[in-house]
Amino acid sequence: MKKRQTIEEFDRRFPSCRWTKSAQAERTAGVKRCRKCGKTKDVEEFYLFLTPQKAKRFASYCRPCSNTYKPNTTTEQRAENDRRSYYKHHEKNKARARAAWYSNHEENKARQRKSYAERKAENEAEILAQDECDICGKPGAAYFYRCINAGNTQDNEFAFWLVLHHVCQFEAKDARLIPWTSRIRKKEVLK
Ligand SMILES: [Zn+2]
Ligand SMILES: [Zn+2]
């Protein structure tokens with residue numbers, strides 16, 4: 001029988017990875033409740049994992065329960081489900097970004113009547129005021145992309161701007177909303 005890995009060995013294997021908050025608390029307590037059998041057992045009774053973010057954690061089920069656990073979908077089915085949900089999500093995000101793009105475009109047309117300096121200040125205030133990411137829809141978007149044709153009075157002067165998370169730029173670039181070679185900037189620079 002394969003010798004099971006201790007917490008100490010796991011720590012030595014991944015020295016640069018942190019433990020999740022809940023795993024830290026479980027280590028301090030020295031015990032953890034199994035989500036399947038409901039028994040509270042020594043933390044050494046649980047398998048060890050890395051989360052997708054490379055943080056160390058304990059399995060939700062104790063080792064005996066993990067060993068008897070049979071997933072009701074095959075690995076292939078699960079991979080297929082993951083792919084589907086990714087594309088569904090991806091399409092939704094692309095649609096959201098396009099809607100933001102076009103609504104910005106309409107607002108910018110109305111802005112044309114004002115002076116360049118006024119239009120620019122107004123646009124920057126809007127960028128700073130928007131916390132929601134145009135790509136994923138979640139709050140905390142600290143970056144923006146803007147295409148300015150300075151000195152040009154065409155109606156596309158500030159037509160293209162998006163507020164987004166740093167990580168969401170890749171999705172925006174994938175969807176061709178931002179050119180691959182362009183850089184996004186921190187909203188802070190506008191303050
Ligand atoms: Zn159990
Ligand atoms: Zn985002």
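Visitor: What makes S3 and S4 a hairpin, and which turn residue has a positive phi?
Guide: S3 and S4 form a hairpin with 5 residues between them, and Lys54 in the turn has a positive phi of about 65 degrees. Strands here are DSSP runs of E, at least two residues, and helices are runs of H or I, at least four, all numbered from the N terminus. By the way, this is a predicted model: local features need pLDDT of at least 70 and side-chain atom pairs 80 or more, while totals for chains, interfaces and linings use all residues. Residues count from 1 along each chain as written, with chains lettered from A and ligands numbered from 1 in written order.

Visitor: How do you know that S3 and S4 pair?
Guide: Pairing takes at least two DSSP bridges. Strand S3 (residues 46–50) and strand S4 (residues 56–62) have 4 and run antiparallel, so they pair. Leu50 stands opposite Lys56 in S4.

Visitor: What makes a set of residues a nonpolar core?
Guide: Its members are buried Ala, Val, Leu, Ile, Met, Phe, Trp, Tyr and Cys residues joined through C-beta atoms within 7 Å; buried means 20 or more other C-beta atoms within 10 Å, with C-beta atoms placed from the backbone. The largest such core has 19 residues, and Phe144, Leu162, Leu164 and Ala172 have the most contacts inside it. S6 gives the most to this core, with 4 residues. Apart from it lies another core of 5 residues, including Leu48 and Phe58.

Visitor: How confident is the predictor overall?
Guide: On the pLDDT scale, the predictor's confidence in each residue from 0 to 100, the mean is 80, and 81% of residues reach 70 or more.

Technical notes:
Buried ≥ 20, exposed ≤ 12 C-beta atoms within 10 Å, placed from the backbone.
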